[in-house]
Amino acid sequence: MLGMILILALAGCTATTQTKEQVFTQQFRTGTEGLYMRFAQNLPPTRLFSGEELAVVLEIENRGTAPIGGPGDRIYLSGFDPSIISGISPVGEQIPLLEGRSQFVNQGGFDTVSFKAITRILTDRYPVRILATACYTYETVASSNVCIDPDPYVAAIRQRVCVPANVGFGGGQGAPVSVTLAEVDASPGKTRFKIHVQNVGGGEVFRSGGNTLNKCGPGGELGFDEVDYVELADVSVSGTSIRGSCRPLDQGHIRLTNGQGLVYCEFDRPRGEAAYVSPLTVVLRYGYRNSLLRDVEILPST
Amino acid sequence: MKKTIALLVLLVLVSGCQTGLFQRKDTMQLPEVNIGTQGVEPLFIQGTPPREVFEGSAFTMMVNLANLGTRDVDDGIYSLSYEQQYLYIAGQKNQGRFVVRGKSIFNPQGEERLLNFAFTTKSLGPQLQGYPVTITFNACYPYVTNAPLIVCIDTDVTGKKPGKVCTPQPQTFPRGQGAPVAVMSVETKILPHEMPNRARPEFVITIKNLGSGQVMASQLYREACSGRPLGEDAWNVVGVSATLSDSVLTCAPETIKMKQQGDTRIVCTQPEGIETRLGTYTAPLTVTLDYGYISSITTQVNIVKQ
């Protein structure tokens with residue numbers, strides 16, 4: 001009996017002393033979310049009496065890998081009659097700086113954004129659906145190794161380290177817009193890439209830039225030529241940019257149709273004549289909009 | 001016995017520890033008073049007047065006036081009509097005033113008033129063995145339908161923006177708004193405005209008399225109970241006004257003659273429009289219908305010879 005107790009005690013001691021944390025160095029560019037937001041519990045409440053203060057608190061978290069909180073990144077509240085619910089700025093609230101996940105930090109930044117409003121005295125109930133809209137600039141960095149074969153159709157039999165093949169980018173890159181596939185087409189002296197891009201975050205994507213970001217809120221109006229565009233910031237092979245070869249681009253942007261887009265790029269400066277593996281890196285930049293709803297009922301206080 | 005007491009004590013302690021174990025979780029619901037299609041409804045109290053009375057005798061007729069709508073009636077008029085050759089009311093007039101408060105969240109049933117009439121039958125004369133007399137009770141009163149509705153204002157006329165809180169669509173209100181004349185439906189249209197960055201809301205409002213009485217111009221309700229003919233133009237006339245949020249809408253026509261059959265439509269607009277920067281939101285539209293109303297009930301008393 002004493003022996004058993006001793007074994008258990010020792011096992012307990014060992015367990016506590018063995019909790020060595022491993023350094024987070026695994027692949028961090030995964031996931032399909034950018035900014036995640038939710039209403040704090042009971043803020044806003046589902047029911048309140050007219051004349052009372054309406055407090056709305058949004059808990060926000062950067063679940064992607066790019067930082068959020070730059071100039072123009074804002075959260076707006078809308079959906080209510082401003083003559084009944086007043087005191088909420090139509091220009092929204094600045095999103096505080098939220099760092100993204102990185103190789104060494106496995107959780108993105110977390111913060112809250114608060115709104116306070118006054119409700120007018122009512123004689124009838126006013127059911128309202130409050131819409132929180134977050135507008136922010138985001139970036140996707142997708143990188144994967146591709147096979148570059150400068151002479152794929154050579155007649156001579158020789159040993160190759162790789163054969164050019166399509167590269168899938170499953171699971172996202174820690175951003176709401178993903179590079180889903182790079183089709184590789186090797187020809188003598190030139191490798192063509194057909195890069196597939198998709199909006200996987202459940203929100204709306206629009207052209208990057210302060211001008212469009214300002215129009216993203218409920219008071220603004222993004223034009224048809226501004227929504228569903230993603231800026232192709234860079235495409236590089238072995239660190240050499242091939243962005244200049246990419247087609248078709250509309251002022252440097254890829255057009256998405258039904259949330260999906262395509263761009264064709266060429267790499268025509270292979271090293272030597274033997275096939276080799278090299279990283280293909282795609283950088284996308286865009287504005288993104290997420291929204292969230294909460295039903296609130298304002299009851300008459302008279 | 002000791003065991004039972006101990007168990008009871010334990011139960012009380014446990015229920016005290018666990019919050020909400022015996023608590024009601026549902027929140028109190030306020031009574032829905034803004035529904036219904038009735039106003040002031042007169043009703044003969046059962047057994048009054050009696051079916052048969054002897055000539056030269058007295059009988060009592062009691063009428064209950066219940067305000068089943070949401071509007072207070074502060075200056076209602078009632079009148080009795082009957083063949084004065086066979087009946088008379090001793091010490092009372094055929095007309096009078098009444099006050100009955102409407103339904104509210106504090107009095108969801110509405111107020112009732114009991115009116116008592118003491119009739120005396122006259123002699124039938126030698127020719128008649130019996131005679132059926134018809135007594136009609138009329139309640140005439142001004143009434144207002146106040147329809148607080150929630151409509152969707154979508155200033156994005158071209159439909160460019162996704163993720164809206166609501167979409168303007170026709171709404172129907174078959175249960176009424178606690179008044180005999182009801183707003184049956186509202187169709188919201190958001191039209192382009194002549195000014196940039198503005199949109200013009202337009203509401204097509206359908207109204208109908210769902211009560212059992214008759215509608216008249218609000219200023220003529222007293223005359224309706226006087227027995228004087230009002231003329232065709234006085235009947236079925238309703239004054240219409242509406243507000244959207246804080247803004248008074250322009251309704252055309254402001255006074256409408258309701259159709260005898262079917263629905264009557266009114267169009268209310270906000271000529272100055274709404275700024276498009278306000279986006280899409282829900283707003284209170286309050287439609288107010290102003291009219292006079294007459295509710296009548298009839299009964300028969302058989303006067304027989306002694």
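Modeller: In this predicted model, a residue is buried if 20 or more other C-beta atoms lie within 10 Å of its own, and exposed if 12 or fewer do.

Colleague: What percentage of the 302 residues of chain A count as buried?

Modeller: The cut-off of 20 or more other C-beta atoms within 10 Å decides which residues are buried. Among the 302 residues of chain A, the share that counts as buried is 38%.

Colleague: Is Gly244(A) buried or exposed?

Modeller: Gly244(A) is located in the loop that joins strand E14 (240–241) to strand E15 (253–255) of chain A. Its C-alpha is 8.9 Å from that of Asp234(A), a residue 10 positions away in sequence. Because Gly244(A) has 9 other C-beta atoms within 10 Å, Gly244(A) is exposed.

Colleague: How many helices and how many strands are there in chain A?

Modeller: Of the contacts in chain A with a separation of 6 or more, 74% join residues 24 or more positions apart. As for the elements of chain A, the count is 2 helices and 17 strands.

Colleague: How far apart do the C-alpha centres of domain 1 and domain 2 of chain A lie?

Modeller: Domain 1 of chain A consists of 35–137 + 290–299, and domain 2 covers 138–287. The C-alpha centres of these two domains of chain A are separated by 34 Å.

Colleague: Which element gives the largest share of the side of domain 1 of chain A that touches domain 2 of chain A?

Modeller: The contact involves 17 residues of domain 1 of chain A and 14 residues of domain 2 of chain A. On the domain 1 side, strand E4 (74–78) and strand E8 (126–148) of chain A each provide at least two residues. By class, that side has 6 nonpolar, 9 polar and 2 charged residues. Its largest share, 4 residues, is given by E8(A).

Colleague: Which element of chain B gives the largest share of the side that touches chain A?

Modeller: Between the chains, 18 residues of chain B are in contact with 21 residues of chain A. The elements of chain B that give two or more residues to this side are strand E8 (130–154) and strand E19 (280–304). The largest share, 5 residues, comes from E19(B).

Colleague: How many nonpolar, polar and charged residues does the side of chain B that touches chain A have?

Modeller: This side of chain B belongs to a contact with 21 residues of chain A. By class, the residues on the chain B side are 9 nonpolar, 5 polar and 4 charged.

Methods
Residues numbered from 1 in each chain as written. Chains lettered and ligands numbered in written order. Predicted model: local features only at pLDDT ≥ 70, side-chain atom pairs only at ≥ 80, totals over all residues. Contact = placed C-beta atoms within 7 Å. Nonpolar A, V, L, I, M, F, W, Y, C, P; charged D, E, K, R; others polar. Domains from an automatic or database assignment.
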